[in-house]
Amino acid sequence: MEQDVKRNWRDAHIKSSVDNNFDEIFNGRRHTALENLSRRYKRFSTIALVFVLWGPMTFSNPSLLEHGRVVMSIVSAVYFMICSGMDYWLYQGIRSIDCSTMTVSEVSRRALFYRKRHLQFIAILLPIAFIWIGMLVYYINYNKYFIWGIVIGGIIGFAVGFRQLLAFLSDYRRVVEDNF
């Protein structure tokens, strides 16, 4: 009997890290997966709005051809406004999930719905981003440092974006698994 209790205790996945995070839990510094998703979407929406301001700055960039500056300014501003709008919509949706009033199945269903929309938005925005980068390369007044900046920025952006995608999917997984 005692061995069964010990085995069940180990199987419950109770870890000593809970004791280490005790202060975080009670001081409000530890957040749920839904709170993490909501905060991350809001942050991405705000960052995209800041990048909307970057669009007109390309108008004065001497590395771009004269006729490409206006096009890139408009395309950049529109692209980042769309990104901001999509992230803000996801932020509002995730924020509207209320675990205290909704059933477990409703929370899971809505979390899966917004996860699906997130992946659909990526499927829409990623090809547009590649087209935008292609336009940037097309309108460039040959400057090898600018080209290297585009390449390095693309690599770093892909790595950071992929890491953030994994964090989003991890939070969605935690929301759905915790509810089943």
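Student: In what order do the elements of the chain run?
Tutor: From the N terminus they go α-α-α-α-α-α-α. The chain has 7 helices and 0 strands; helices (H or I, at least four residues) and strands (E, at least two) are DSSP runs, numbered from the N terminus.

Student: What kind of model is this?
Tutor: The model is predicted: local features need pLDDT of at least 70 and side-chain atom pairs count only at pLDDT 80 or more, while totals for chains, interfaces and linings use all residues. Residues are numbered from 1 along each chain as its sequence is written, and side-chain values use heavy atoms, with hydrogens and water left out.

Student: How many of the residues count as buried?
Tutor: 31% of the 180 residues in the chain. Buried means under 20% relative accessible area, exposed means over 50%, and partly exposed is in between (1.4 Å probe, protein chains only).

Student: What share of the contacts join residues at least 24 apart?
Tutor: 74%, among contacts between residues at least 6 apart in sequence. Contact means heavy atoms within 4.5 Å.

Student: Which residues touch the most other members of the largest nonpolar core?
Tutor: Leu37, Tyr41, Ile94, Ile97, Tyr172 and Val175, out of 33 residues in that core. Helix 4 (33–57), helix 5 (66–95), helix 6 (104–138) and helix 7 (144–178) are the elements that give two or more residues to it. Helix 5 gives the most, with 9 residues. A nonpolar core here is a set of buried Ala, Val, Leu, Ile, Met, Phe, Trp, Tyr and Cys residues joined through side-chain atoms within 4.5 Å.

Student: Take valine 175. What is it in contact with?
Tutor: Ala33, Leu34, Leu37, Val107 and Ala111, leaving aside neighbours within four places in sequence.

Student: Changing topic: how many aromatic pairs?
Tutor: The count comes to 12. Rings of Phe, Tyr and Trp (its six-membered ring) pair if their centres lie within 6.5 Å; planes under 30 degrees apart are stacked, over 60 edge-to-face, and the rest tilted. Phenylalanine 51 and phenylalanine 80 form a stacked pair, at 5.1 Å centre to centre and 25 degrees between the planes. This pair links distant parts of the chain, as phenylalanine 51 is in helix 4 and phenylalanine 80 in helix 5, 29 residues apart.

Student: Are those two buried or exposed?
Tutor: Phenylalanine 80 counts as buried at 14% relative accessibility, whereas phenylalanine 51 is partly exposed at 39%.

Student: Which rings are linked into a cluster?
Tutor: Ring pairs join Phe51, Tyr79, Phe80 and Trp132.

Student: What lies over the face of phenylalanine 168?
Tutor: Arginine 40, at 5.0 Å from the ring centre. The rule asks for NZ of Lys or CZ of Arg within 6 Å of the ring centre and within 35 degrees of the ring normal.

Student: Where is leucine 125?
Tutor: In helix 6, and buried at 12% relative accessibility. Leaving aside neighbours within four places in sequence, leucine 125 is in contact with Tyr79, Ile82, Cys83 and Met86. Its C-alpha atom is 7.6 Å from that of cysteine 83, 42 residues apart along the chain.

Student: And where does threonine 58 lie?
Tutor: In the loop between helix 4 and helix 5. Threonine 58 is buried, with a relative accessible area of 4%. Beyond neighbours within four places in sequence, threonine 58 is in contact with Leu64, Arg69, Met72 and Ser73.

Student: What does serine 73 touch, in turn?
Tutor: Gly55, Pro56, Thr58 and Phe59, not counting residues up to four places away in sequence. Serine 73 is found in helix 5 and is buried at 9% relative accessible area. A polar atom of its side chain lies 2.8 Å from the backbone oxygen of arginine 69.

Conventions: Polar contact = N/O pair within 3.5 Å; in protein donor to acceptor, adjacent residues only side chain to side chain.
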